[in-house]
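Please load the model in the viewer and keep a selection panel at hand.

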Amino acid sequence: MPMLEGRVDAVIGVDTHRDRHAAALLDPNGGVRATLEVPSDQAGHARLLRLAEAQAPGRRVWALEGTGCYGAGLTRFLVDQGEWVVEIDRPKRPRGRHGAKSDALDAVRAGREALARDHLTSPRQRGHREALRVLHITRAGVVAAGADARRQLKALIITAPEPLRDRLRGRPWRQQVGACAGLVAAPGDPVEDRATVRALALTAQRVLTARQDAHELEAELRRLVMAVAPALLTQPGIGPITAAQLLISWSHPGRFRSEAAFAMLAGAAPVQASSGQVVRHRLNRGGDRQLNRPCTPS
């Protein structure tokens with residue numbers, strides 16, 4: 001998306017927060033026409049839109065920070081109203097002791113950042129893409145919780161009383177989990193044995209529950225990917241988890257101006273790393289590191 005020079009009559013920069021948003025309405029040269037701070041709710045969003053319609057009735061664009069976080073609600077509201085919304089990163093702030101800071105100033109900087117950029121990015125879409133995101137991040141949390149439970153189970157087995165430890169040691173971890181999940185302490189067992197058996201059984205159940213939840217979430221992700229981009233699943237090495245992450249980061253046609261821009265986001269683009277008589281390249285390690293990380297098994 002090219003820069004805004006000559007394309008708009010006003011830019012509304014918005015510094016988004018959990019409870020309140022600060023907005024600044026700027027002319028095409030970056031001059032401030034008006035500022036407003038509103039609650040981050042539906043009524044506040046409507047107030048911002050009325051301000052824009054009253055003072056910038058022509059061509060206008062909204063420059064928002066955090067369109068996928070604190071600004072998600074405002075972004076959705078503006079897009080539903082047919083407004084032009086672009087996403088910007090956190091504006092650069094002046095260095096030194098005299099760098100002023102306030103929400104209103106951040107809103108002004110957001111608008112001026114949009115005016116100064118050669119390329120602007122549209123916010124990520126919601127709908128199927130947002131459904132993929134929430135399921136993907138939930139599965140990642142479930143898998144991490146299951147891995148923690150497995151490590152805890154291993155530690156409990158190592159410190160278990162000797163007869164119980166002998167029954168469990170040396171088995172593959174799946175067999176250990178199944179054996180521990182079925183453990184029941186006898187009333188006459190020593191207090192330490194009863195406590196250990198109870199801890200092993202509960203921890204094993206957490207592992208099994210996490211595995212079951214992860215498999216169900218993966219099945220849901222597969223169904224959503226099949227609905228959006230089934231061709232991805234036919235590519236070698238791409239399963240539902242990797243395909244979901246690709247769609248989450250890519251979002252929609254037109255978000256990236258080129259394949260090179262997408263490679264830069266994914267941390268897979270070569271960048272110059274030359275010095276003196278040495279001419280070489282290295283991979284860019286910035287961007288969305290989730291795009292090229294190994295898939296975590298359930």
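Select arginine 126: this residue is partly exposed, at 32% relative accessible area (buried means under 20%, exposed over 50%, partly exposed in between, with a 1.4 Å probe and protein chains only).

The model is predicted: local features need pLDDT of at least 70 and side-chain atom pairs count only at pLDDT 80 or more, whereas totals for chains, interfaces and linings use all residues. Residues are numbered from 1 along each chain as its sequence is written, and side-chain values use heavy atoms, with hydrogens and water left out.

Next, select aspartate 148 and arginine 151. Their side chains form a salt bridge at 2.4 Å, N to O. Both lie in helix 4 (residues 128–158), and because they are three residues apart there, about one helical turn separates them (helices are DSSP runs of H or I with at least four residues, strands are runs of E with at least two, and both are numbered from the N terminus). Aspartate 148 is partly exposed at 42%, while arginine 151 is exposed at 53%.

Move to arginine 18 and aspartate 19, whose side chains meet in a salt bridge of 3.0 Å, N to O. Arginine 18 is exposed at 61%; aspartate 19 is partly exposed at 46%. Over the whole structure, a search finds 10 salt bridges.

Select Leu132, Leu221, Val225 and Leu247, which have the most contacts inside the largest nonpolar core, a set of 18 residues (a nonpolar core comprises buried Ala, Val, Leu, Ile, Met, Phe, Trp, Tyr and Cys residues joined through side-chain atoms within 4.5 Å). Helix 4, helix 7 (191–228) and helix 8 (240–250) each give two or more residues to this core. Helix 7 supplies the largest share, six residues.

Which residues does leucine 221 touch? With residues up to four places away in sequence not counted, leucine 221 touches Leu132, Leu135, His136, Arg139, Ile241 and Ala244 (contact means heavy atoms within 4.5 Å).

As a last stop, select Ala23, Leu25, Val38 and Trp62: these are among the 16 residues of another core, which lies apart from the largest one.

Note on methods
A salt bridge is a side-chain nitrogen of Lys or Arg within 4 Å of a carboxyl oxygen of Asp or Glu.
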